[in-house]
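Welcome to this tour! Open your viewer, get ready to select residues, and follow along stop by stop.

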Amino acid sequence: MAGIRDVAREAHVGIGTVSRYLNGSGYVSEESRNRIETAIKTLDYQPNELARNLYRNRSGIIGVIVPDLEHPFFAKLSKYIEINLYERNYKTMICNTVGISNREKEYLKMLERNVVDGIIAAAHTLHSEEYLKINRPILAMDKDFNGQIPLVHSDHKKGGRLAAEAVIKAGCRNVLQFTTSSKVTTPANQRHIVFEEICTKHGIRVRTVETNWNLFSHEHFRRYMQKEMVKYPDVDGIFSADIPAIACMNVLKQRGYKIPQDVKIIGYDGLDVIYMTDPPLTSVSQDIEKLAKCCVDTIIQIIEGKEYESHQVIDVGFVQGKSI
């Protein structure tokens with residue numbers, strides 16, 4: 001296997017010149033650059049990625065912390081983060097916090113020990129103080145650290161307005177909305193605040209139910225909605241994230257309700273699964289691919305010491321199904 005000395009000999013340049021070319025750490029003339037590139041192809045030289053990262057004091061790995069990879073939103077987000085990182089020559093290490101565990105703190109310790117170069121935090125964390133202790137590259141996705149950590153999220157205010165306009169147009173008068181736990185400081189809460197404000201102005205009654213913290217499995221939502229929907233037999237509209245909205249739809253149908261004739265349902269996220277429900281779920285859609293790319297671009301800018309936007313908001317859309 002060819003080494004850096006072989007490349008230098010083949011290109012008729014010094015080892016230091018080859019090193020500067022490989023690491024992008026200094027000036028290399030155009031003529032030398034062309035000879036090095038030709039030598040690399042001729043010798044089929046494979047740079048030692050570990051050695052190069054050690055030279056740059058980097059691991060080439062970025063950690064991604066999400067609540068639960070079983071949830072379609074976080075699965076898709078992780079997928080596109082990994083794709084974008086790979087295209088930027090970074091590898092991905094994924095942690096899902098799954099309920100209550102020490103995984104999150106362990107990954108933050110890895111960041112402190114330079115095992116990973118940065119972290120994209122998309123978890124519904126209750127450990128804000130642990131993140132704020134670390135003076136290393138961290139980006140938050142949909143988690144507000146009071147402006148102390150760069151933040152990327154969807155335009156949830158617009159999302160709440162789109163959902164409210166949909167239930168108003170549908171003629172709903174008695175709406176139930178399911179929100180994330182109030183323990184979590186997330187911009188996602190804005191959609192429910194805006195939704196309730198607009199609905200109330202139009203004389204629509206809105207009741208709010210908080211779901212359990214950091215539990216995202218399909219089975220959890222199925223059982224949760226079987227218990228909760230009994231308490232609200234008079235609702236004619238429901239607003240929730242896609243997965244709990246689908247769980248509501250199934251529970252109501254099992255009890256003889258017709259969707260949307262008896263109860264209108266609107267989801268939030270725009271996951272692929274909404275096209276497979278009966279009827280197809282109407283939903284406010286988040287641009288998950290764009291969120292992922294924005295997260296990757298920003299964390300790399302932070303790592304490389306470049307300028308970046310500290311607060312970025314990604315537009316949302318509307319998918320008209322047949323549930324409202």
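Helices (H or I, at least four residues) and strands (E, at least two) are DSSP runs, numbered from the N terminus.

Before going on, a word on what you see: this is a predicted model, in which local features need pLDDT of at least 70 and side-chain atom pairs count only at pLDDT 80 or more, while totals for chains, interfaces and linings use all residues. Residues are numbered from 1 along each chain as its sequence is written, and side-chain values use heavy atoms, with hydrogens and water left out.

**The sheet.** Now show the six strands of the open, mixed sheet, in the order β7-β6-β8-β9-β10-β12. Two strands pair if DSSP finds at least two bridges between them. At the edges, β7 (205-210) and β12 (316-319) each pair on one side only. From one strand to the next, the twist averages 15°. Zoom in on β10 (residues 282-286), which pairs with β12 in the antiparallel sense over four bridges. There, Gln286 has Val316 of β12 as its bridge partner.

**The core.** Next, select Leu77, Phe178, Met229, Ile238 and Ile265, the residues with the most contacts inside the largest nonpolar core, which has 51 residues. Such a core is a set of buried Ala, Val, Leu, Ile, Met, Phe, Trp, Tyr and Cys residues joined through side-chain atoms within 4.5 Å; buried means under 20% relative accessible area (1.4 Å probe, protein chains only).

**A helix pair.** Finally, select α8 (residues 156-170) and α9 (residues 189-201), whose axes come within 7 Å and cross at roughly 35°. Which residues make the contact? Among them are Ala164, Val167 and Ile168 of α8 and Val194, Phe195 and Ile198 of α9.

Key. Axes fitted to C-alpha atoms, helices over the stretch in contact; angles between N-to-C directions. Contact = heavy atoms within 4.5 Å. Buried < 20%, exposed > 50% of the residue type's maximum accessible area, 1.4 Å probe, protein only.
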